[in-house]
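Biologist: I would like to learn how to read a model like this one. Please take me through it feature by feature.

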Amino acid sequence: MENQLVEAKNTAAFSDDKLNRKFLAENLKRILLNTDYNVFSINAPWGGGKSYFIENLAELIGDEAICISYNAWESDFYNNPLIPLVTEIMYKLEQVISKKDEIYSDLIDIKKIVKSIFVKTSFSIGINGFGITYDPNKPTIKSDYITLKNLKEKLRNGLGFIQEKLNKNIIIFVDDLDRCNPKYAIETLETIKHFFGIKNIIFVLAVDKKQVENIVKTIYGIAPETSDIEGYLKKFIDVEFNLPAPDYKSFIMFHLGQLLAKTKDKLQDKIYYNYGEIINDRPIDGLLYKGLLVDTVKKLVDTLSLTPRVIEKLFMRVKLTIESLKKDDYFIPELIFILNALYICDKKSYD
C-alpha cells in the first residue's frame, strides 16, 4: 500500500481531521475503487476513530462509487441480518435508479427475489442452521434447499448485473459490528460470505479486532492461545487495514485552544499555578501556557494509551471542572488534567 499524501477532490471530507488520517483515506480510496477483493476491515480499538474515518472516507469517495452506510448495532434486534443489510442496499439503489432507467425493471426483479429468500428461510446461519425443511414426498429439485440455493444465485447475478450497468463500485460500510450481540455479529459475517462475494460489490467493516475475536471465542469456544480465531476470521475478511496510532499533539492543541476561553479570567488575574512557569522561572502568556500544557496532557495520553474518544471525554470533564471553579479559586491545570484522567481510568484510585 502506498503511503503518500494526495490532495482530495472533495474538500468537505476530513475538513476537521485532527488526527492527520486524510492521506490514509486517500490511499484506501484508490484501492477500493480498483480492487478485486470483496471484504476489507478497518481495525482500531474502541474509541479509536473508526466511525469518523469510514464516514469521511465515504464522503471522500463521493459519487465515484455508490457508498452505503450500514450500522449493524442499530439492527441487531432483527433475527435475520440479511433483512436490514439488503434493505439498505435496495434503498440506496432506488435513490440511484429512477423509474425511467432501463435497469429499473431489473431492480424490481431483485426485490422480488429478496422477498422470496426472506420467505424461504428464518436465516440463522452458522449457529442454528437454515430454517428450511426437507420433504421426502417432493422431488429433490423442488426442495427448499435447492430453491434457496437458486434464489441466492439469482440475487448475486442480479446485483452484479445492476453494478455492471451502473459502472460504479458499490461499497457497503459496516459500522459497530463489534458492538452487536455475539450471535448477530457472527450471522452478519456469515451473511456477507454466503450471499455476496460479488465482483465490485465491496464491504468495509469498521471493527475492534480484539472484540471480534472475543465474540468468536464466545460463540465457538475457541481457546485464546490457539491460532484458530485468526484462521476463522480470514474466511470472511480479505484485507485488513489497521488504523495507526496517531500523533495526538495537534489533536490536544485543538482542544486546549477551545479551553483557553474558559481560563482567560484566571490567567489575566494571575489566579493560576503552572508548573511550567516555575520550572522555566519566567511568566508565560496564554500561548506559551498552552504549549507547555500540551506536553503534560500528551504524556498522560501516551502513558495511559487513551483513544481519541477518551481524550475528548477527558477534555469534557476538564471543561466542567473549570466551569465549577469559583471566582477566587486557584486554577491548577496540570492537577485538573491528572485527576480527571485518573477518574476516567481508575475510579477506585481516584476516590
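Modeller: Start with one contact in this predicted model. Leu82, Pro84 and Leu85 in α3 meet Tyr184, Thr191, Ile192 and Phe195 in α6. By class, that contact holds 6 nonpolar, 1 polar and no charged residues.

Biologist: How are two packed helices described?

Modeller: The description uses the angle between the two axes and the distance between them. Here α3 (residues 82-96) and α6 (residues 182-195) pack at about 55 degrees, and their axes are 10 Å apart.

Biologist: At what angle do the axes of α6 and α7 cross?

Modeller: Helix α7 covers residues 209-220, and its axis crosses that of α6 at roughly 105 degrees, coming within 9 Å. Angles of 65 to 115 degrees count as roughly perpendicular, so α6 and α7 are roughly perpendicular to each other. On the α6 side the contact is made by Pro182, Lys183, Ala185, Ile186 and Glu190, and on the α7 side by Ile215, Val216, Thr218, Ile219 and Tyr220. These residues divide into 7 nonpolar, 1 polar and 2 charged.

Biologist: Now the strands. In what order do they lie in the sheet, and is the pairing parallel or antiparallel?

Modeller: In general, strands pair through backbone hydrogen bonds, in either of those two senses. In this structure 5 strands form an open sheet, in the order β2-β3-β4-β1-β5, and the pairing is parallel. The edge strands, β2 (66-71) and β5 (239-242), each pair on one side only. Direction ignored, neighbouring strands of the sheet are turned by 20 degrees against each other on average.

Biologist: Which residues can I use to find the pairings on screen?

Modeller: For β1 (residues 39-43) and β4, which pair in the parallel sense over 5 bridges, look at Phe40, whose bridge partner in β4 is Val204. Strand β3 (residues 170-175) is also joined to β4 by 5 bridges, and there Val174 has Leu205 as its partner. Between β1 and β5 there are 4 bridges; Ile42 stands opposite Phe241 in β5. Helix α2 (residues 50-61) packs on this sheet, where it touches β1, β2, β3, β4 and β5, and its direction makes about 165 degrees with that of β3.

Biologist: Which residues of β4 point one way, and which the other way?

Modeller: In a regular strand the side chains alternate between the two faces of the sheet. In β4, Ile201, Phe203, Leu205 and Val207 point one way, while Ile202, Val204 and Ala206 point the other way. As for cover, 7 of the 7 residues of β4 (residues 201-207) are buried.

Biologist: Which members of the largest nonpolar core touch the most other members?

Modeller: Nonpolar side chains tend to be buried together in soluble globular proteins. The largest nonpolar core here has 48 residues, and Leu93, Leu159, Ile172, Phe196, Phe203 and Leu205 touch the most other members. Leaving out residues up to four places away in sequence, Ile172 touches Ile68, Tyr70, Leu85, Ile89, Ile201, Ile202, Phe203 and Val204. A second, separate core has 24 residues, including Phe14, Leu24, Leu60 and Ala206.

Biologist: And the protein as a whole: how many helices and strands are there?

Modeller: There are 14 helices and 5 strands. Of the 351 residues, 44% count as buried. Among contacts with a separation of 6 or more, 78% are between residues 24 or more positions apart.

Note on methods
Residues are numbered from 1 along each chain as its sequence is written. This is a predicted model: local features need pLDDT of at least 70, side-chain atom pairs count only at pLDDT 80 or more; totals for chains, interfaces and linings use all residues. Side-chain values use heavy atoms; hydrogens and water are left out. Axes are lines fitted to C-alpha atoms, for helices over the stretch in contact, and angles run from 0 to 180 degrees between N-to-C directions. Helices (H or I, at least four residues) and strands (E, at least two) are DSSP runs, numbered from the N terminus. Contact means heavy atoms within 4.5 Å. Ala, Val, Leu, Ile, Met, Phe, Trp, Tyr, Cys and Pro count as nonpolar, Asp, Glu, Lys and Arg as charged, and the others, Gly among them, as polar. A nonpolar core is a set of buried Ala, Val, Leu, Ile, Met, Phe, Trp, Tyr and Cys residues joined through side-chain atoms within 4.5 Å. Buried means under 20% relative accessible area, exposed over 50%, partly exposed in between (1.4 Å probe, protein chains only). Two strands pair if DSSP finds at least two bridges between them. Angles under 35 degrees count as roughly parallel, over 145 as roughly antiparallel, 65 to 115 as roughly perpendicular and the rest as oblique.
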